[in-house]
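Open your viewer, keep the sequence panel within reach, and follow along one selection at a time. Each stop tells you what to pick next and what you will find there.

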Amino acid sequence: MTGVNLGIPRVPAEPTAPNRPRPDTPALIDSFGRTATDLRVSVTDKCNLRCTYCMPAEGLDWMSNQQLLGDDELIRLIDIAVRLLGVTDIRLTGGEPLLRPRLEDLVARIAALRPRPRLAMTTNGIGFAKRAHAFAEAGLDRVNISLDTIDPDTFERLTRRDRLRHVLDALTAARDAGLEPVKVNAVLMRGINEHEATDLLRFALENGYHLRFIEQMPLDAQHGWNRSEMITADEILDLLRAEFTLTPSPTERGGAPAERWLVNGGPEEVGIIPSVTRPFCSTCERTRLTADGAVRSCLFSTTETDLRALLRGGADDEEIANAWRGAMWGKLAGHEINEAGFAQPIRPMSAIGG
Ligand code: SAM
Ligand code: SF4
């Protein structure tokens, strides 16, 4: 298949850190007082769906095996993150993480690291149902499954594939395997699935899933995001209030991206991630590792730090840890989507890891 070559990912190296010297501390601190403890690891850029808000119908020019980090390389970097940099939470993502061969083995190796990180995965769920128990046994703690619609026709229109049944089965299997709370990620698109906001919430409540709506972000490979077309967090709340009473949840939000709302007085909740209209950058606790070994301090970074080159060049663990610390120290205050002159990153979401 010929993919669209979008120039992934010759991204400039991280800018020089702020002039202030970085305090001598092992943690991943930045110059705005934040500490990253949550690492998102993209294990592949490939995907078997083609969600319209993420990638074009013809797919992308996937990374070669030579570009991708091997299992040993990935484990070495994740071990550095948990042992030397204070990372406590790992989330596997992609692309579609389930497409990475022998992912259960990788999960088991991450779960064996010390200190043992909490371990979660974000997946589209295709093929997960028959693997859910193996993942739980390997040490996966939780799973987020993406589901934007419960209507088969809308699913096919939105993902360009007829796979709704697989995702619904994945959700049930995740619950049966004890990977709870099972979270559902949904993106609403104007004129496509916005009318399903209440259907999705009803479905989640009936099945005990925790639903979170994510505002659509300018991270699609085709650069087709349009502010005037995105459904805002406030619109999502209005859509839901047509059927449900929503009141702010008393639960402390901390560094979590989701605003939480009690549904009909609780205890059930729904989350809204208002990445664009109410950015939560000031409490961000994240660092990201791409499948080809680049560290990014933000989804919207236009620069990155190439750890693969260090790794393959023979650097020791402390040198790699220091490069990671330097990258985090240079993290910007926020994503600037709402500033004049905002430039969408060259890497699309699928090659960063959402
Ligand atoms: N393939 C997996 C999946 O879909 O769950 C993992 C990777 S995907 C990039 C991670 C999450 O990002 C999904 O929940 C997806 O809906 C979301 N996502 C993708 N593109 C997005 C965009 N442009 N704006 C907001 N969320 C997006
Ligand atoms: Fe694939 Fe996830 Fe992107 Fe959809 S959102 S195309 S499932 S990577």
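This is a predicted model: local features need pLDDT of at least 70, side-chain atom pairs count only at pLDDT 80 or more; totals for chains, interfaces and linings use all residues.

**Stop 1: helix H9**

Start by selecting H9 and colouring its buried residues: Ile320, Ala321, Ala323, Trp324, Arg325, Ala327, Met328 and Trp329. Buried here means under 20% relative accessible area, with exposed being over 50% and partly exposed in between (1.4 Å probe, protein chains only).

Residues are numbered from 1 along each chain as its sequence is written, chains are lettered from A and ligands numbered from 1 in the order in which they are written, and side-chain values use heavy atoms, with hydrogens and water left out.

Now put a distance across H9: its 13 residues (317–329) reach 18 Å from the first C-alpha to the last, close to the 18 Å expected at 1.5 Å a residue. The expected span is 1.5 Å times one less than the number of residues. At the N-terminal end, show Asp316, which caps H9 with a side-chain oxygen 3.2 Å from the backbone nitrogen of Glu318.

**Stop 2: Arg34**

Next, select Arg34, in the loop between strand S1 (28–29) and strand S2 (35–36). Is Arg34 buried or exposed? Arg34 counts as buried because its relative accessibility is 6%. Its side chain makes a polar contact with the side chain of Asp30 at 2.6 Å. A polar contact is a pair of N or O atoms within 3.5 Å; within protein, one must be able to donate a hydrogen and the other to accept it, and residues adjacent in sequence count only if both atoms are side-chain atoms. Show the backbone of Leu332 as well: its oxygen lies 2.7 Å from a polar atom of the Arg34 side chain. Leaving aside neighbours within four places in sequence, Arg34 is in contact (heavy atoms within 4.5 Å) with Leu28, Ile29, Cys281, Ser282, Cys284, Lys331, Leu332 and Ala333.

**Stop 3: ligand 1**

Centre on ligand 1. Which residues are closest? Of the 18 residues that surround ligand 1, the closest are Tyr53, Gly95, Glu96, Ser146 and Met217. A residue belongs to such surroundings if one of its heavy atoms lies within 4 Å. The shell divides into 6 nonpolar, 10 polar and 2 charged residues. In this count, Ala, Val, Leu, Ile, Met, Phe, Trp, Tyr, Cys and Pro are nonpolar, Asp, Glu, Lys and Arg are charged, and the others, Gly among them, are polar.

- A polar side-chain atom of Ser146 lies 2.6 Å from an oxygen atom of ligand 1.
- For Tyr53, a side-chain N or O atom is 3.0 Å from an oxygen atom of ligand 1.
- For Thr123, a backbone N or O atom lies 3.2 Å from an oxygen atom of ligand 1.

The protein covers 96% of the 540 Å² of accessible area that ligand 1 has on its own (Shrake-Rupley method, 1.4 Å probe). Strands S5 (118–123) and S7 (183–187) each supply at least two residues of this shell.

**Stop 4: ligand 2**

Move to ligand 2 and show Cys47, Leu49, Cys51, Cys54, Met55, Gly95 and Asn124 around it. This shell has 5 nonpolar residues, 2 polar and no charged.

**Stop 5: helices H5 and H6**

Select H5 (164–176), where Leu164, Val167, Leu168, Ala170, Leu171, Ala173 and Ala174 are buried. Their cover includes helix H3 (132–138), strand S6 (142–146), helix H4 (152–159), S7 and helix H6 (197–207). Just after H5, Gly178 takes a positive phi of about 80 degrees.

In H6, the buried residues are Ala197, Thr198, Leu200, Leu201, Phe203 and Ala204. They pack against H5, S7, S8, helix H7 (233–241), strand S10 (259–263) and strand S11 (269–273).

**Last stop: Arg212**

Finish in strand S8 (210–214) with Arg212, which is buried at a relative accessible area of 15%. Its side chain makes a polar contact with that of Asn185 at 3.3 Å.

Conventions: Helices (H or I, at least four residues) and strands (E, at least two) are DSSP runs, numbered from the N terminus.
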